[in-house]
Each structure stands twice: as structure tokens, then as C-alpha cells.
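Me: Please take a close look at one helix in this structure. I would like a connected account of that part and its setting.

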Amino acid sequence: MIEVEGLTKRYGRKLAVDHLSFQVRPGVVTGFLGPNGAGKSTTMRMMLDLDNPTSGSVRIDGRMYHELADPLKHIGALLEAKAMHGGRTAYNNLLCLAQSNRIPRQRVDQVLDMVGLTAVAKRKSKGFSLGMGQRLGIASALLGDPEILMFDEPVNGLDPEGIHWIRTLMKALAAEGRTVFVSSHLMSEMALTADHLIVIGQGRLLANTSMADFIQQNSRSFARVRTPQPEQLRDALRGAGLAATETDNGTFEVEGSETEALGELAATHRITLHELSAQRASLEEAFMQMTAEAVEYHAHAGPGEGAPPAGPVPGQVPAGQGAPGAGQAQGPARGQQPPAPQTWGQDWNQGQDQRSKGA
Amino acid sequence: MSSVPAVLESEWTKIRTVSSTTWTLALAFITTAGLGAVATSLINPGAHFDPTFISFSGMTLGQLAMVVFGVLVVGSEYSSGMIRTSLAAVPRRATFLFGKIGVAGLLALVVGLVTGFITFFLGQALLGDDGTTLGAPNVLRAVIGSGLYMCLIAVFSMGVTAMLRSNMLSLGILMPFFFLVSNILSAVPKAKDVARYFPDQAGSKILQVVPNAQGSTDVPYGPWAGFAIMAAWVVAALLGGYLVLRKRDA
């Protein structure tokens, strides 16, 4: 169990983490989701006592991190691949970690075997590929057989086999009753592994919910209908009082109706259909909507537009639905943004102003 | 609390499993003993002749290898990114830093003492009749002092690197300082009044047996007082390194 309470980290005038409070419970995989620069890694480093929080606290099994006698036996973390000395062999890198926490030497062989690095145990880790480095990092996290495991973007740089392996591993660890906390900026990745979701944007908590609820609430379902007689279908839909958007010539997205009812409606009006299918907007879209206001760096359609991110996002829900603090007055642009084309960093400044008002 | 013996064992494993330890310490030995042998073979005994001090002539360069050893022991944690893994394992900053420096400093002391004695005996053998013996007044102090001096040079470098958190920056400052700046300033009038309180200038007085050995300038402190000045520098560097490690984000 990890308890984060009012965690805040300020770098100069920039709030990287803004009064985050949440708990990570055992027995499930908890996804820690946010766009790049949302403060995920900073939060994780503070959880490990590597960075000093500006305010707030983190408790690991009810204790402060530095109070843990042998921390690796409580919590294991993969922060970045290759956080090891390249001139040392994989085995020796793990051995010195094991010794510092009074973990028996045999455990080093065990974890190397678990991550599939036994064959290269005596090789210097600087020759490792990104995937091998990632596995070595995971081995170091598993070293103390901890009840809590933390992975920062573990699938980065892994091949499909490696990605599958790590997903299975995380689920297995959670099934053993351990606390598994994994960060990602990819919703699709989280959808496959996480049971619970904590979403942050610009350091603030945007959602803390079960995966099932998140999907329920955030993914828009609709029916897609394609016809060679768009005029007739448009009239029929209007007649039935159904909202429809025509995405392409002859293709409609209809909300609030089942495919059965639509098929019958088309039959009644003798309209030929080439396609009738139930659709679900991807979770990626839901995530983008939620964090649209909190994305640190993204491209805008044009200057002065406090609008959703450019990109193929059909059926955009009005901005400000998911994210607290959205739709507030937009402050004057600060001269702080990085020199970038167009209006990059506009939202970043917007958030900045909101925060400095509150501070 | 992290267990201190466990941390010491871990740090010893770290030191013995990287190749830089072997080559820096070997280089310190070879340079000090080798250049000492060259100097003792070439010297003509004159005024203020100090057979002990002359045998340690190689120390000027040999200490640079000790600087590299000290810098790499601490700095490689930062250059490799290992520091985060290490601090997650040993979150108590004092236990981590002083455990590491304790182990590395002890190793530097052992290598320094071995180097000191071998260099001394080699030099005296080459000096032949002009040489001295360990039994002569103050000679043993100077020979043991050479080991202590090498150890403190390494530990000072570790403290500075803990403050600067970078191999390149630390080497870029320490190497020219010990090789050039300190030596040049100690030869410049006025500047030498300050330079004689530099760690290497003050500490190296412990290597001298004869006052004003080999034409060195007069200083207002004795060999042990000079060594104490150097030790004060080392303590300051360690304290600075500890404070930086404690305050700054890893």
C-alpha cells in the first residue's frame, strides 16, 4: 500500500506536481497515466525519496521511505532503463544492490533467471540493448521480493515479446496480492494491464477510478451506418429524432440508438445499407479529451484557440468535461514559454496562470 | 535505518567490480614509484638534500591518479544513473556517502602505504650511500605520511565530486588545480603566502624530513600541522558533498 498525501513539487515557478493525493492498493495493477511532462516520473521519484517534495508526504506501508530498514524488501522500482554502472556485469550490478539490503546472493541468480538474463549475467551491462537493460532494471526491482512494485514506462523500447512478457509479469505480481504501480503515457497500454487508473495532467489529479468505470464513463458508443441513399437515411433519422453526424459521404455515426433499431428503421423506409455496426470510441480518445487542457506540449490548429488538440478525434466532447480547472479564464500569455513555432505551450501557460492565481 | 555493515559490503563490491579501480590505483603506484626511481638516480646531493623527500618526487604525478580514482568512485554513480538505484536501496544519505567514501578511502590508504614504503626503499637503494633508513629521525613519519597523503588526496576528490556530481567537471577542476595552479601559485611571490595553505601544499610537508628540503620554501607550520590543514580541507569537502547529496534531488 502506497499513500500519497498532498504531494507537491515546485521547480522555480513551475508546479510539476500539484497537491496529489491518492492511494495505491495491493492486489491490482494500478495504472498511472498522464501525457508527457504531466509529472509522473517526478511523482515516482518523490515516492522513492529521491526528490524532496516541496510539501506533502508519501507513506510506504505506513512508513516514510527512509524509515524502511531494507527498502528493497518493501518496494522495488524500475525508474529508467540502464540506471546501472555499464562497466559492471549484470550479476555484479545486482549483487551490490542485494548486499546493501541484506538480500542473499542466491536471489541474484533467481531474479536473473526470472527475467531471462542468466546467459548474459557475466557480461558488462553497457553492451545491453534497451530491452535487456529494461529486464535488468526489472530484475533489480524484484530483487528484494517486495510487496510493492513500481514501474516507470516499463514497455518503452521493448519488442512485442518483451511487452507481452512484462504485461503478464505485472498481472501475475498483482494476482499474488502485491501492489503494482505502473506509469504510462499510452492509454491503450493501460487498458490491457491496469485494473485501476490514476490519471494526472500538469501535476494534478484528473481521475482516480477503476478501469471498468473509466471505460463506462469515458468511451462514447455509437452506431455506424453506411448507405448509398444518404438523403433518405438523413430524413429517416431526423424523423426518428436521432442525432447523427455524417462523417463521410453516405456514412453516418448515430448516437443513442442500438443497431437493431437502426436496421428496422432502414427496412421500414426501404433504405439499402452497406454497413451497420456498433462502434466504441477508443479509450485513447477519452484520455485525450480528459487531458486536453492539461497537456504540456501539443500542436494547436491555429493561434489564440483554446481548443482541443489537433488530430483525428471525431465526435469531440466539449472541452472541460473531464478536467477540473478547464474553461477558466485564460490569462495573458507569459513570456516564459519555450521558443517554439505557432502557439506551442499555450495551454502550459494557461495552467501556469491558473496555478499562480491559486498560489 | 540502513545497515552499515551491509552498505560497506555493497560499496566494496561496487569498487572491486569496476576496472577503473585497478587501473587508477596501479597507475598511482607505478607513477609514484617509477618517477621516484628516476629522480633518485639522477639527483646530485647538494644543500638541503633530503633523501626521503627526493624519493617521493613521483608523488606530484602519482597523486593525479589518486584524484582520478577518487573522482570516479563517486562520479560514476552520477554518470551512469546508478545513483537513483543506489539511493533507493540506501535512502540514508550519510550512510550511503560515508560508507562509500570510507571503503574507497581505506583502499586508497592501503595502496598509498604500500606505494609509500616500496617507493622509499626503491629510492634509497638507488641513492646507495647517500640514502637514509627508516630508523633515522622523522623518516618513518614521512613514509607513513606519504600513504596518508595519497589517501587524503583521494578522499578530498571524492568530497569535491559529491559536490559537483560530475566526473568531467570534477576532473576538469581538480587535475589542473593539483598539477598546475597549486604549483605555479606556490612559486609566485605574495601568492605563495596563500598557496601554502592549499591542501596539497600543506599536506605534502609531511613528506619532508630535512627543513626546506630541496629548496622548498619556509612555511610557518610543521609537518603534522600541515597535514592537519589538509585534513581540514578534506573535512570541508566531505561536509559540502554530504550537504549537496542531502539537499538536491537525485
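Reply: What follows starts with the helix α8 of chain B and then turns to its surroundings.

This is a predicted model, in which local features need pLDDT of at least 70, side-chain atom pairs count only at pLDDT 80 or more, and totals for chains, interfaces and linings use all residues. Residues are numbered from 1 along each chain as its sequence is written, chains are lettered from A and ligands numbered from 1 in the order in which they are written, and side-chain values use heavy atoms, with hydrogens and water left out.

Helix α8 of chain B covers residues 167–185, 19 residues in total. Helices here are DSSP runs (H or I, at least four residues), and strands are runs of E (at least two), numbered from the N terminus. From first C-alpha to last, α8(B) reaches 25 Å, close to the expected 27 Å. That expected span is 1.5 Å times one less than the number of residues.

The helix also bends, by about 55° at B:F177. The bend is the angle between axes fitted to the seven residues ending there and the seven starting there.

Now the N-terminal end. B:S166 caps it: a side-chain oxygen of B:S166 lies 3.3 Å from the backbone nitrogen of B:M168. Such a polar contact is a pair of N or O atoms within 3.5 Å; within protein, one must be able to donate a hydrogen and the other to accept it, and residues adjacent in sequence count only if both atoms are side-chain atoms. B:R165 sits in the loop between α7 and α8 of chain B. B:R165 has a positive phi of about 55°, yet is not a glycine. Most residues other than glycine have a negative phi.

Which residues of α8(B) are buried? They are B:N167, B:S170, B:L171, B:L174, B:F178 and B:S182. Buried means under 20% relative accessible area, exposed over 50%, and partly exposed in between (1.4 Å probe, protein chains only). An α-helix has 3.6 residues a turn, so residues three or four places apart point the same way. Cover for the buried residues of α8(B) includes α4 (59–80), α7 (139–164), α9 (191–195) and α10 (199–203) of chain B.

Chain B also meets chain A. The contact (heavy atoms within 4.5 Å) takes 30 residues from chain B and 32 from chain A. Within the area that chain B buries against chain A, B:M82, B:R84 and B:D249 supply 19%, more than any other three residues. Buried area is the accessible area (1.4 Å probe) that two parts lose on being put together, summed over both.
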